[in-house]
Amino acid sequence: MSFAFTPFRVRERAAIATWVLAGVFAVVGATFFRAQILSNEDYRRKSDNNRLRKLNLASPRGIIFDRNGKAIAENASGFTVKLFAASEDSLRAVVRRITALVPSGDELESQVVKRFEAAQYQPALVYSNASFETVAVLEEHRYLLPGLVIRTEPRRYYRAGKAVGHLVGYVTEVSASELERKRFTGAKPGSLVGKDGLEAKYDSVVRGLEGESFIEVDARGRLVRDGSQQPALKPVPGERIKTTIDLDLQTYIDSMWTAERPGVSGAMVAMTPDGQVLALYSAPSFDPNEFITGVSSARYAELTTGAAKPLFNRAVSGSFPPGSPFKLVTAAIALKRGLVDFSSRMPQACTGGFRFGNRVFHCWKKTGHGSLDLTGAIAHSCDVYFYQLGLRIGLTNLLSDATALGMASPTGLDLASERTSSFPPSTAYYDRTYGKRGWTQATILNLSIGQGENAQTLINITRFYAALAGDGTIPTPYIVSKPNLPTRSLGLTKEQLAGLQNALWKVVESGTAAASGGRDLRVAGKTGTAQNPHGDDHGWFIAFAPADNPKVVVGSIMEFAKHGTAVAPYVVRAIRRYLQTIDPALAKAPVRVLIEEDSATTDTEIPSDTIIKPRRRR
Amino acid sequence: MKSALDRRLLVVVLALCLYGLAMVYSAGQTDVPSHAERAWIRQIGWMVVATLAGAAAFRMSFRLLEWAAPYLYGFGLCLLLLTLMIGTGAGTAASSKSWLAIGGVRIGQPVEMAKLGTILLLARYLSALRQPPATLWDLVIPGVITGVPVLLVMAQPDLGSAIVFVGILFSMLFWVGVKPSLLLLLASPVISLLLAADTRWWGAWILLLTVLLLIWRTYVSEGVFIWIVNSAMGVLAIMLWNRLKLYQQQRLISFLRPEADAARSGYQIIQSKVAIGSGGWFGNGWLHGPQKRLSFLPEQPTDFIFSVVGEEMGFLGVLVALGLFFSLFVIMVRIARRATESFSSLVVFGIIGLLFAHVFENVGMTISLMPITGIPLPFFSYGGSFVLACGIAMGLVFRVASDSRMSGYLDA
């Protein structure tokens with residue numbers, strides 16, 4: 001035994017060793033205490049974040065009903081196929097396996113990757129509406145497809161398909177930029193939101209609140225447990241909304257248009273005189289169900305920028321020169337100002353043209369109408385009469401009065417993407433556009449017959465006629481709820497209004513009483529032709545019926561129809577269809593529509609050298 | 001041989017083995033396919049083998065052991081050399097060469113045997129000294145005995161085992177009675193190496209060292225040597241750092257700041273701390289740790305088994321494990337103290353150094369007290385070589401305890 005190992009020295013060192021050990025173990029124990037007890041909550045949360053992935057549960061959108069309780073937009077349950085992945089590479093690998101099993105478009109992989117990048121911790125959507133066969137094939141090969149999540153989710157279904165496309169709009173996944181702009185409150189990556197039409201306008205009402213559930217994943221992001229059966233947050237279904245739409249009329253218009261005017265672009269709007277929209281149709285239409293499964297970018301381009309632009313809503317977003325239908329605006333202003341009554345004649349009888357300054361402004365009827373009173377001028381749509389009526393009103397008055405009648409405002413219809421009709425609000429517009437000396441008072445000639453700087457949407461012109469058909473108040477058209485907007489009024493007396501209705505009835509020259517046991521279906525309306533510098537003129541027809549007690553106003557425009565008479569039969573049939581429900585006997589009554597062929601007057605150019613000789617001669 | 005086995009040691013060792021086996025079983029129970037699912041069965045097999053080896057060691061004559069020490073040591077070095085030439089990697093150190101394989105079958109990590117060989121040879125050398133080493137020059141031979149295997153394992157590279165060898169050397173030098181001041185001087189180059197990262201700290205350390213050298217009145221040659229080596233370390237540190245393998249650098253960096261590279265090199269330590277931290281007082285329950293079940297934990301049956309303990313058994317479970325280890329060491333210190341002669345006493349204390357280095361390094365890394373090095377936790381980690389080495393080591397300890405009891409050693 002060496003000197004170092006005397007019992008005393010050994011005991012001393014053993015004591016030191018024990019104390020050192022105790023000290024080290026105390027430090028280690030304290031470190032664990034700090035982590036496990038003091039920071040426990042923090043680490044527990046990290047542990048949960050590690051393994052739990054939040055999954056959004058779609059809420060069923062509120063059903064959209066028509067006025068008779070028929071569903072325009074409802075919910076069916078569909079299979080959604082989604083993928084969880086730890087990385088883009090593994091995602092691509094699984095998507096490729098899926099496309100090998102289920103034939104899909106070339107774009108699928110890049111679409112899925114895009115969705116994955118937008119929301120890394122959410123499962124990426126692969127198919128939003130998979131067929132039963134697809135689901136069966138995928139389930140069979142589940143072992144090959146880690147991270148596969150298949151669930152039934154409510155999805156939008158539009159029974160009427162393309163008949164209601166522009167009316168309801170459609171539903172798609174919210175885009176990254178919309179999320180950034182917070183366009184849709186409460187929307188999360190992957191949420192379905194309404195685009196266009198009622199789905200967009202009432203998105204916050206019908207969307208509801210998405211639920212949340214948690215699913216457990218392993219270190220590689222593979223799905224281990226699905227907790228969506230007991231969601232942490234139950235989805236709240238959207239509210240249902242009732243509309244003023246008559247789905248029967250809406251589908252009737254669509255089938256009529258598709259069957260008899262295929263390939264013709266245009267729009268038709270039907271409303272009650274107090275502004276309840278009964279139908280709103282734009283051709284060509286699109287099937288909103290198509291968006292549920294997701295449209296390819298090529299298809300989307302075809303829908304938005306293709307020649308026919310099916311996504312373009314011609315009823316509310318398309319504006320056209322109004323032409324003859326605008327003569328009623330001129331007439332209403334003149335009556336309100338007390339400048340004329342229905343028997344008033346203009347100083348110059350129609351001889352097929354009107355000399356103003358050093359130019360001649362033509363009437364559409366080359367042979368002339370002769371001398372007409374106001375009723376006759378409306379009935380025959382005499383341009384010469386309205387030139388003189390316009391001059392009598394004066395440009396400043398015409399601009400301000402027509403603007404007051406809503407010719408330069410949106411109607412306020414509760415539908416996305418309404419375009420404001422354009423009409424110069426005052427002469428300042430001309431000063432700005434052409435310079436103070438760049439235009440002349442002759443502008444009023446074109447304006448008073450609905451030409452010149454004037455572009456109106458179908459919905460705006462139709463609501464003006466609704467005012468003529470009703471009690472003289474200009475209604476704000478609505479589909480769901482009456483908007484609280486200040487009402488505009490024509491400012492006409494009952495007699496004046498009746499006179500205008502009478503004149504419009506004369507336009508149509510409805511059928512004789514003989515055929516239907518003493519009852520006619522009297523239709524009142526106005527045809528029109530919208531100048532189209534790019535091809536054939538567009539045809540307008542706006543009508544209401546029955547003429548003595550109007551129940552429905554229908555307006556329509558067909559592009560390249562050349563003339564309003566080509567449009568009239570369809571408008572009358574739509575009217576008849578609607579009246580069926582409220583007065584079946586009347587709907588069966590014959591109506592013979594005889595409309596004069598008032599083709600478009602060529603928009604007379606008014607160069608600035610036009611000399612207005614009779615400056616102040618009446 | 002009535003009560004030949006130290007009963008307290010037996011209870012503690014059995015408790016540790018059962019606790020460890022339960023955790024190896026749990027580590028294999030995951031929600032995702034795991035290769036470790038049946039590891040616990042193989043672990044039982046290894047424990048049986050280790051028990052048999054321990055029984056053989058228990059029967060071994062310590063005189064024979066003392067005589068054979070150089071040969072065992074030499075055999076261990078040969079195996080280490082062989083490993084360097086034909087070794088393969090595994091686990092957290094998949095790129096290092098620490099496994100000896102024959103025909104593609106990995107048969108073990110020879111470093112565990114080399115550790116025992118080094119303990120025996122150091123014990124033989126130190127026990128033969130008449131006086132405890134008093135100067136640095138007296139420490140040259142033990143330094144070389146330890147330094148050769150250290151260099152060999154560093155070449156694998158296996159930083160963890162190198163630390164264990166150093167731990168063995170220091171604990172045995174302490175036990176033979178080397179003054180703490182001399183141990184500090186011996187350790188000073190390493191301290192210089194670590195502090196070289198920051199010039200101000202390093203400067204302060206050199207200043208302190210100079211003062212200490214003057215106070216302790218060492219031999220001039222000794223003092224100058226220490227001073228030169230320490231200064232050189234400051235310069236060499238950068239070069240040495242550059243010579244470290246990338247993964248070693250990353251491990252050291254992520255030891256200091258795990259969040260620096262959370263997805264890769266910091267991943268293990270972050271996941272380990274999350275698992276432990278989420279355990280709370282009572283843990284998630286045996287078999288029910290979510291991080292473990294979803295295999296977020298790296299190397300759960302082997303290097304990070306203690307993270308499973310923390311997650312599933314909670315702070316109390318950790319305290320029980322640490323308490324058992326502490327009891328083990330206290331009992332072993334007492335056995336070393338009561339040993340009948342210096343060789344066996346030094347062997348026991350060397351084994352304390354070995355096990356303590358493993359426990360501190362392994363447990364410390366799970367909670368980021370120590371950098372991540374892939375060395376196993378005694379009685380817990382799954383794996384043959386180390387279980388076997390522990391079995392032999394404990395057989396020797398039991399033998400020493402038994403001898404002192406037989407010789408009638410009584411001590412309060």
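Helix 5 of chain B bends by about 25 degrees at Gly147(B), with a proline, Pro149(B), following within four residues; the bend is the angle between axes fitted to the seven residues ending at a position and the seven starting there. The model is predicted: local features need pLDDT of at least 70 and side-chain atom pairs count only at pLDDT 80 or more, while totals for chains, interfaces and linings use all residues. Residues are numbered from 1 along each chain as its sequence is written, and chains are lettered from A and ligands numbered from 1 in the order in which they are written. Helices (H or I, at least four residues) and strands (E, at least two) are DSSP runs numbered from the N terminus.

Helix 5 of chain B comprises 15 residues, 140-154, and reaches 20 Å from its first C-alpha to its last, close to the expected 21 Å; the expected span is 1.5 Å times one less than the number of residues. Buried positions in this helix are Pro142(B), Ile145(B), Thr146(B), Pro149(B), Val150(B), Leu152(B) and Val153(B). A residue is buried if 20 or more other C-beta atoms, placed from the backbone, lie within 10 Å of its own. The cover over these residues includes helix 3 (62-86), helix 4 (111-127) and helix 6 of chain B.

Between the chains, 44 residues of chain B are in contact with 37 residues of chain A, contact being C-beta atoms, placed from the backbone, within 7 Å. On the chain B side, at least two residues each come from helix 6 (159-176), helix 11 (267-277), helix 12 (290-293), helix 13 (305-338) and helix 14. Helix 13 of chain B gives the most, with 12 residues. By class, this side has 24 nonpolar, 14 polar and 6 charged residues, where nonpolar covers Ala, Val, Leu, Ile, Met, Phe, Trp, Tyr, Cys and Pro, charged covers Asp, Glu, Lys and Arg, and polar covers the others, Gly among them.

Most residues other than glycine have a negative phi, and most peptide bonds are trans. Phe379(B), not a glycine, has a positive phi of about 70 degrees. Phe379(B) lies in the loop between helix 14 (342-366) and helix 15 (384-406) of chain B and is buried, with 29 other C-beta atoms within 10 Å. In chain A, Ser381(A) has a positive phi near 55 degrees; Ser381(A) sits between helix 13 (374-380) and helix 14 (383-393). The peptide bond from Ala283(A) to Pro284(A) is cis, with omega near -5 degrees. A cis peptide bond also joins Ala545(A) and Pro546(A), with omega about -15 degrees.

Methods:
A residue is buried if 20 or more other C-beta atoms lie within 10 Å of its own, exposed if 12 or fewer, and partly exposed in between; C-beta atoms are placed from the backbone. Two residues are in contact if their C-beta atoms, placed from the backbone, lie within 7 Å.
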